[in-house]
Structures are given as structure tokens and as C-alpha cells.
Amino acid sequence: MEKRALLAFGLSLLVLLFWEYYFGLMRPTETQQEKPAVMAPAPSETQPKAPPVDLPPPVLPDTLPQERSIPLDQQFQKWTLSTPLYKTEILAPGARLSSYQLKGFRRTVAEDSPPVEMIASSKSGYLPLSVDLLHHKAWQLSTIPYSSQAPPETTLSAGGQAGTLSLLQELPGKIRLTKVFTFSPESYAVDVEIQLNNLSPDPLEDQLGVSLFFQPLSEGPDESSYNRSRPAASFSGSLNHYEVSDLSTKPVVWKPPLDWVGYGNNYFLQALIPLEDREYEVVPRVLDADKGLLQLVYLTGPFQIEPGQGKVFKLRLYTGPKELEHLEKAEHNLVDAVDFGWFTFLAKPALVALKWFNGYIHNYGVAIILLTILIKAVFWPLTQKSIKSMQAMKKIQPKIAQVREKYKDDREKLNQELMGLYKTYKVNPMGGCLPMVLQIPVFIALYNMLNAAVELRHEPFLWWINDLTAPDRLHIGIEIPYLGGIPVLTILMGVSMFVQQKMTPSTGDPRQEQVMLLMPLIFTVFFINFPSGLVLYWLVNNILSIVQQYWINRSA
């Protein structure tokens, strides 16, 4: 019985891990600021009441403009703003973001690696935050040059006040369009205010579209099945993930109530947050499926601006890491972007504890070991009860075998005698299984957390392990097929699991023995490409289990 309990636990855990990997990552889509230093006169928000007018019909998603590419070999006027967290550049054509580099994160683990570049679509010539008036496409507001009296370079210091940057484009006798960016030195969130003034003698009837463009944030092996870039949307706190390939065949339109829409991988996020309750919708469009090039259009409802009047549209952009404290600052349920699967409510406290440990020892590898010890201590009574229940079941196995043989042809009598036997010897046949099953949610939560926590990215442990989010490989100067190096931690994990199996009470059934001895091999293969931080957790957990098993066996 105890072996069947262990087998059920091992297989259940394996199935849950596979399920979370294949399906959890691919859930279906049922799913006071200072005034700007330089800016145009603020549009009037108070407009005289006018009789109802017939606004233009809404623009259909398939007619939205998408030509935003810029010549990659040309130089344009630009404005650079730097904060302690990031450095961003805005190009004059369209007043669009051309670069957004995160100062605290490198592209690779190498010390001389450049910062992470969040505007990945720039390599295809597409820049985010382009603005269009959809019934006046000939004005080309998304590509014509904007101007500003701001200096070419601005730096915000830590603890300082927020800074603003205004860029203006005016079509004489038609419109004036002003983009006002508000940057904070302590946040990755950027507020964007789009001011539209009607300079013509006639009412302006139109719709405004704001386009963002995305491409995979990583290249090569970093953009793997364990760390994929994909779009997401949050509706009233309910998070939905989407696949770019699905959006190619099944177009969708996202409508309010919408917290935010974005694009990101395990570690980084680019998100657009609507700050107004006006009628709007967001339309995702795949521009190049092979490159993973995606366009998100924030589309306002039809509106009318009287001559000499104006209208203001407000948005917030978040471009940065998936760190809980920064996501919480941006508000609007953006913190839900940190999604650790079914058991996120367990994974997030574990991450907080991990960061607390690291705050004192400054080594996330050691922090993982301490967190594992803490969790093992919490579950120690349950595990001990489970092991003792298995030992008790082992002692009465001969009597169970006799009862089974005696009543093998009478199922009802067999069950009665077995229950009587369990009652006589005060043994719970499920006592060895249930305590382990109760630990499965914690295992799954830690699996997801250690696999996707940006805090562990490029964090070293010791010796050859210089990135706890990368697979464990010890390079010995010889290229090993399919692996590159030796997965030392993974092999040790498999060995520790084998030792643990050998120490576990046995029923003496050779078939069950063979099946259980296969589990370490299965888990070793399964973990071969897992992040080394996750393998380290599993190894330490196995070692602690061996110590506990030895202690209980000795006491018995």
C-alpha cells in the first residue's frame, strides 16, 4: 500500500508538472505632477453644448493603419531621458519610442553585456506609441516629425521629482497634436497625455488610434518554451494569455472593463493601461508571424471636436521587469502579470520570503536552500506521519496478504476484514498518501516561482552556476551532444532521489520496486533543462527527506 501511495504521489506530481508546463503556459483565450516645461496651450475640456450630430462610423479592425516602419539606416533628431531605472529615447518622426534600456538588467549573463532593450520591434523598423487620426490618414501623424524645446538629454535623479517632456506637431489650419510624457525616477511607469486641438473652422469628426508594436524580447535559446514572449490582457483582475499564432487565425477585440493589455515573457513586461472610462477598444494584429511581430491598437470611440476646442486622451505605459513592488506602483491590477499558475497565492509569499533571505545573505542560491529548509520544517510533522504510516502498513503486510488470499473470491467480505484489520492495528491505509498529496500545491507553486522569478535572472550561486534561471551545465572543454556540459546538480538530484527511494519502506513486490526505481531516472530526464535554481531546491529537499527518513528508521 505504501509503495502505491508513493507511486501515486510521484506520478501525480509528474502529471501536474507536465500539465502546468504544456497547458498552464498555453491557456485558451476564453478568456501631483509638474506642468510640462514645453507644451501647447491646454485644450479646453469644457465645450458648449451642441445639438446631436452624426459621428463617423467606427473604424473596422481590418482597416486600421499598420505602416509604421522607419528606415533603419537614417539618423533622426531624438530626445533622451535617463532615470536610475532606465534610459529611453524618443525619435522626432511620430514622437515614438525608439529605445528603452533597463539599467539593472543585462541581456546575457556576461558582465560586459549591454542592458536589456525592451523595444524589440525596432529591429524591424516599427516603433511604439504612434498616433493616427483614422479618418484623416493622409495627415500621417504617426511618422511626420515632431518638435520640442526640451534639451536633447535629460536626467532624473533618485528621489527627485517627476519630469515631463512635450513634443508638438501642428498642421496649420487643421490640428495641433501634443504628446506629453511624464517620467518618474522611481517607477517604470510612464504617463502619456495626447492633446488634440482643432485649428480648423469646421468640426473635427474622427477616431484616434495609438499603436504599440512588439516582438519576442529574447532571441535564440533564451526564447524557449520555458520563457516565451506572448500577449496578455487583464479584465477586472482576470488575467488571460494569448498566442500570436492563434491571433493570426482567430482575430479578437478587447473591450472594457480592461485593466491593461501587454506583451512579455517570464521576466519582463510591456503594458498599456487605459486611464479613462471612455468608450474604447484594443485590437491586436499579427503583422509578421515568422518574426512574431505584433501590433496592438488602442482605438477610441468616434468623437467630435468643435472649432477652437480640444480633447485629451490619457494612457499609462509600463515597460520593465516583473517585480512585484514596481508592478504594484503602476496600479490597475498590473501585479497580476506575475502569474505563477494555479497556486500563485502560495508562490508569491514564497518569493517574498526568498527575497527576505537574500537581503541578508546576498546569494539567491543560499536563499533557496534556506527557503527549502523552512518549507521542510513546516511539513516535517506531515512527512513524519506519512513515513510512520508506511512503516505500520509494512508490519501488517503479511496479515493483509493472508486476508486477501482467504477472501479472494468474496470482495465484500474482503473489504470488511481489511477494515477490521486496519482498525485493530490502528492503521490508516491513506495515512501514507494524504500528507504527501497536501504538499503537491507547494511543490507546484515553488516550481513555477523558481522557473519565472526575475529576481533570480543572472543571479549566481557558486562555482560554475552563474545564472539560477539557466540550466545547470559544467563545461569541461568537451562538447557533450544535446547538453553542452555536464548537468551536475541534476545528476545529484537523481542520485539523491534514488537513495531516498531505497530508504523508503518496501512491500517486497518486485514489480512495484522496479516502477519506483524508475522514478529517479524519469525525474532526472525531466529536470535536465530546468532552471538550476529549481533543481537546487529539489536536490536540497531530497537530502532533507533522506535525513528525516534515516532519523525515523533509526528511531523505529
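Analyst: Start with a term: a residue is called buried when its relative accessible area is under 20%. The model here is predicted. In helix H10, the buried residues are Val-488, Leu-489, Thr-490, Met-493, Gly-494, Ser-496, Met-497 and Gln-501.

User: Which residues does Thr-490 contact, leaving aside its neighbours within four places in sequence?

Analyst: Thr-490, in helix H10, is in contact with Asp-472, Thr-524, Phe-527, Ile-528 and Val-535, with those neighbours left aside. Thr-490 counts as buried because its relative accessibility is 1%.

User: How many residues of H9 are buried?

Analyst: Twelve of the 13 residues of H9 are buried, and the helix is mostly covered. Among them are Ile-440, Val-442, Phe-443, Asn-448 and Asn-451. The end C-alpha atoms of H9 are 18 Å apart, which agrees with the 18 Å that its 13 residues should span at 1.5 Å a residue.

User: How should I read a nonpolar core?

Analyst: In soluble globular proteins, nonpolar side chains tend to be buried together. The largest nonpolar core here has 121 residues, and Leu-354 and Met-449 have the most contacts inside it. Helix H9 (residues 440–452) supplies the largest share of this core, ten residues. A second, separate core has ten residues, including Ile-396, Val-403, Leu-414 and Tyr-422.

User: What does Leu-354 touch, not counting residues up to four places away in sequence?

Analyst: With those residues not counted, Leu-354 touches Tyr-364, Ala-367, Ile-368, Leu-371, Met-449, Leu-450 and Leu-456.

User: How do I read a loop residue, and is Leu-141 buried or exposed?

Analyst: Check its place, its cover and its contacts in turn. Leu-141 lies in the loop between strand S5 (130–133) and strand S6 (153–155). At 3% relative accessibility, Leu-141 is buried. Not counting residues up to four places away in sequence, Leu-141 touches Gly-94, Val-131, Leu-133, Tyr-146, Leu-171, Ile-175 and Leu-177. The C-alpha atoms of Leu-141 and Gln-169 are separated by 8.1 Å, although these residues are 28 residues apart along the chain. Tyr-146, one of the residues that Leu-141 touches, also has the charged end of Lys-179 over its ring, 5.7 Å from the ring centre.

User: What kind of aromatic pair do Phe-303 and Phe-313 form?

Analyst: The chain has 24 aromatic pairs. Phe-303 and Phe-313 form a tilted one, 5.5 Å centre to centre with 50° between the planes. This pair links distant parts of the chain, with Phe-303 in strand S18 (residues 303–305) and Phe-313 in strand S19 (residues 310–321), ten residues apart. Phe-303 is buried at 5% relative accessibility, and Phe-313 is buried with a relative accessible area of 4%.

User: Which residues form one aromatic cluster?

Analyst: Phe-443, Tyr-447, Phe-523, Phe-526, Phe-527, Phe-530, Tyr-537 and Trp-538 form one. Phe-443 and Tyr-447 are among the buried residues of H9, while Phe-527 is in contact with Thr-490.

User: And the chain as a whole?

Analyst: The secondary structure comes to twelve helices and 19 strands. Of the 556 residues, 54% are buried. The chain exposes about 26,300 Å², and carbon and sulfur atoms supply 58% of this area.

Notes
Residues numbered from 1 in each chain as written. Predicted model: local features only at pLDDT ≥ 70, side-chain atom pairs only at ≥ 80, totals over all residues. Heavy atoms only, no water. Buried < 20%, exposed > 50% of the residue type's maximum accessible area, 1.4 Å probe, protein only. Helix = DSSP H or I, 4+ residues; strand = E, 2+ residues; numbered from the N terminus. Core = buried A, V, L, I, M, F, W, Y, C linked by side-chain atoms within 4.5 Å. Contact = heavy atoms within 4.5 Å. Phe/Tyr/Trp six-rings, centres within 6.5 Å; stacked < 30°, edge-to-face > 60°. Lys NZ or Arg CZ within 6 Å of the ring centre and 35° of its normal. Areas by Shrake-Rupley, 256 points an atom, 1.4 Å probe, with all protein chains shown as cover. Expected span 1.5 Å × (residues − 1).
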